[in-house]
Amino acid sequence: MAEVSPDVTENNGAGVVKENKLTIIACSGDLDRIWPTLILSTTAAASGMESSVFFTFWGLFALVKPGTRITGENWMQKMLSVMNPGSPAKAKLSKLNFAGAGPFMMRKLAEDYKTPDPSALLEMAQEMGVRLIPCQMTMDLLGLHREDLIEGLEEPIGAATALLEMNKASVSLFI
Amino acid sequence: MAEVSPDVTENNGAGVVKENKLTIIACSGDLDRIWPTLILSTTAAASGMESSVFFTFWGLFALVKPGTRITGENWMQKMLSVMNPGSPAKAKLSKLNFAGAGPFMMRKLAEDYKTPDPSALLEMAQEMGVRLIPCQMTMDLLGLHREDLIEGLEEPIGAATALLEMNKASVSLFI
Amino acid sequence: MAEVSPDVTENNGAGVVKENKLTIIACSGDLDRIWPTLILSTTAAASGMESSVFFTFWGLFALVKPGTRITGENWMQKMLSVMNPGSPAKAKLSKLNFAGAGPFMMRKLAEDYKTPDPSALLEMAQEMGVRLIPCQMTMDLLGLHREDLIEGLEEPIGAATALLEMNKASVSLFI
């Protein structure tokens, strides 16, 4: 009888076993990378997949408390203004269907639209069940502590644990 | 008897079932991202894998008709000139073997080389059986309609459907 | 009895079979992309996973001998200085735990820190069992020969073979 490792589930007949799960390594601080990261991870959660995001390198900046190091600039509007030239009014926003992720996201987005910031979008992800995980090594490199990061995050992990997450996930992406 | 979901094939013994398939999320409009996207997706098709590309965010610009919004600049030559300084003559191009994808691609490339544009390369991908899929949300954001995009594309889908594509694919990449 | 293809292991019951393996396509020459590529691939090797990196397009520059085309600038210190403002002294470096990849990496890093260059980090990856594979097409495009690249690499392969690597790997990433 094949013995199954608790960490990497693998049986000789079928190889590594994949769970219905999305894991993203969010390595970039660019707005047009954080945006698809949040859309994919929340859509996965809304579709019944497990969903986790590992924030590392520049990506970790998205988890730092606004008051701490990130200037309070309106990045969501900035993103929208680039992709949608003109005046980004509420009516315009209502055209977004966000991939059928449901009215919850729409309401939350519309509600937060007046004062959008990374925390708002990340909070939405958390409410939808996306696990947000900071990279321990990057925190060490930057001298960041848990209290510098937003609330509600998972315990920081390293690359080895992140690899275990990806090894079990049916979809793993580096963004 | 295990019941298999029609969308996400999953059995308890072996986890999510993976088909012999490549799915790429083409999120970038940069030439040096579109280029590997097309090489990988056509090579996969030539190797007998199913192959699909989901064009989203800046990546969707590659699917817009040249006459509509993209300036007709010679992007393939531009790319080649960056990677291959000197005069990119036909003889030089013949050194490209494109990963054994067969003479079809070579002939098509050589033939199109005088007037290369995104449509030509994408048409080649289509002829090799790569499914090109626009992102509905991005179309909404940009106010684009089907008639603004090149011919022969799949129906636009959202992130949830793209995730289902990736969940079945043996290789999923975010480029 | 199901016949198993030697290239793409697939059985009808469970789909494509995944091995406990990480394969990365290293397509970017940016330092903040090469860095996570090396951390993930060495951590995978240290965790008992098979680990391979396919260097293509700008990523291939990381494999060119320092004396040949890459200026001998201190890229590792440059990277560290960006991520860790201040004087990157040895004491600071000792805070890096590199995701539990073990003391081997730490010693090697500390040892190489005085004269770090791409070769040193890549050599470390090789010593940990990471397979480094150059892209044949990119070599052709750039007119590079094996003697222009650092020692200890695998034989160059094309996109079709790289896809086979990814098809077997439990985790495939495009970085």
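C:F174 is buried, since its relative accessible area is 3%, where buried means under 20%, exposed over 50% and partly exposed in between, with a 1.4 Å probe and protein chains only. This residue belongs to strand 6 (residues 169-174) of chain C; helices (H or I, at least four residues) and strands (E, at least two) are DSSP runs, numbered from the N terminus. C:F174 and C:W35 are 139 residues apart along the sequence, and their C-alpha atoms are 14 Å apart in space.

A word on the ground rules comes next. This is a predicted model, in which local features need pLDDT of at least 70 and side-chain atom pairs count only at pLDDT 80 or more, while totals for chains, interfaces and linings use all residues. Residues are numbered from 1 along each chain as its sequence is written, chains are lettered from A and ligands numbered from 1 in the order in which they are written, and side-chain values use heavy atoms, with hydrogens and water left out.

Now for the sheets. In chain C, four strands make an open sheet in the order 5-4-3-6, with parallel pairing. Strand 5 (131-134) and strand 6 of chain C sit at the edges with a single partner strand each, so one side of each has no neighbour in the sheet. On average, neighbouring strands of this sheet are turned by 15° against each other, direction ignored; axes here are lines fitted to C-alpha atoms, for helices over the stretch in contact, and angles run from 0 to 180 degrees between N-to-C directions. Two strands pair if DSSP finds at least two bridges between them. Strand 3 (residues 19-26) and strand 4 of chain C run parallel and are joined by six bridges. C:L22 has C:S51, in strand 4 of chain C, as its bridge partner. As background, strands of a sheet pair through backbone hydrogen bonds, either parallel or antiparallel.

Chain B holds an open sheet of four strands too, in the order 5-4-3-6 and paired in parallel. Its edges are strand 5 (131-134) and strand 6 (169-174) of chain B, each with a single partner strand, so one side of each goes without a neighbour in the sheet. From one strand to the next, the twist averages 15°. Strand 4 (residues 50-55) and strand 5 of chain B pair in the parallel sense over four bridges, and B:S52 stands opposite B:R131 in strand 5 of chain B. Elsewhere in chain B, B:M137 is found in helix 6 (residues 136-142). B:M137 is buried, given its relative accessible area of 4%. Though 80 residues apart in sequence, B:M137 and B:F57 have their C-alpha atoms 8.7 Å apart in space.

As for chain A, there are seven helices and six strands, and the pattern along the sequence reads β-β-β-α-β-α-α-α-α-β-α-α-β. Of its 175 residues, 57% count as buried. One of the residues to look at is A:F57, which has a positive phi of about 50° although it is not a glycine. A:F57 lies in the loop between strand 4 (50-55) and helix 2 (75-83) of chain A, and counts as buried because its relative accessibility is 3%. In chain C, C:F57 has a phi near 45°, again a positive value in a residue other than glycine. C:F57 lies in the loop between strand 4 (50-55) and helix 2 (75-83) of chain C. With a relative accessible area of 2%, C:F57 is buried.

Over all chains there are three aromatic pairs. The rings of A:W58 and A:F61 have centres 6.4 Å apart and planes at 5°, so this pair is stacked. The rings of C:W58 and C:F61 likewise have centres 6.4 Å apart and planes at 5°, so they are stacked. Rings of Phe, Tyr and Trp (its six-membered ring) pair if their centres lie within 6.5 Å; planes under 30 degrees apart count as stacked, over 60 as edge-to-face and the rest as tilted. A:F61 is partly exposed, at 31% relative accessibility, and C:F61 is partly exposed at 30%.

Last come the gaps between the atoms. The largest pocket has a volume of about 420 Å³. On a 1 Å grid over the protein atoms alone, a pocket is an open set of points where a 1.4 Å probe fits, with protein on both sides within 12 Å along at least five of seven lines, and lining residues have an atom within 4 Å of a point. Grid points are joined across faces, edges and corners, and a volume is the space filled by probe spheres set on the points. The lining comprises 21 residues, with A:D30, A:R33, B:R33, C:D30 and C:R33 nearest the centre. Helix 1 (31-46) of chain A, helix 1 (31-46) of chain B and helix 1 (31-46) of chain C each supply at least two lining residues.
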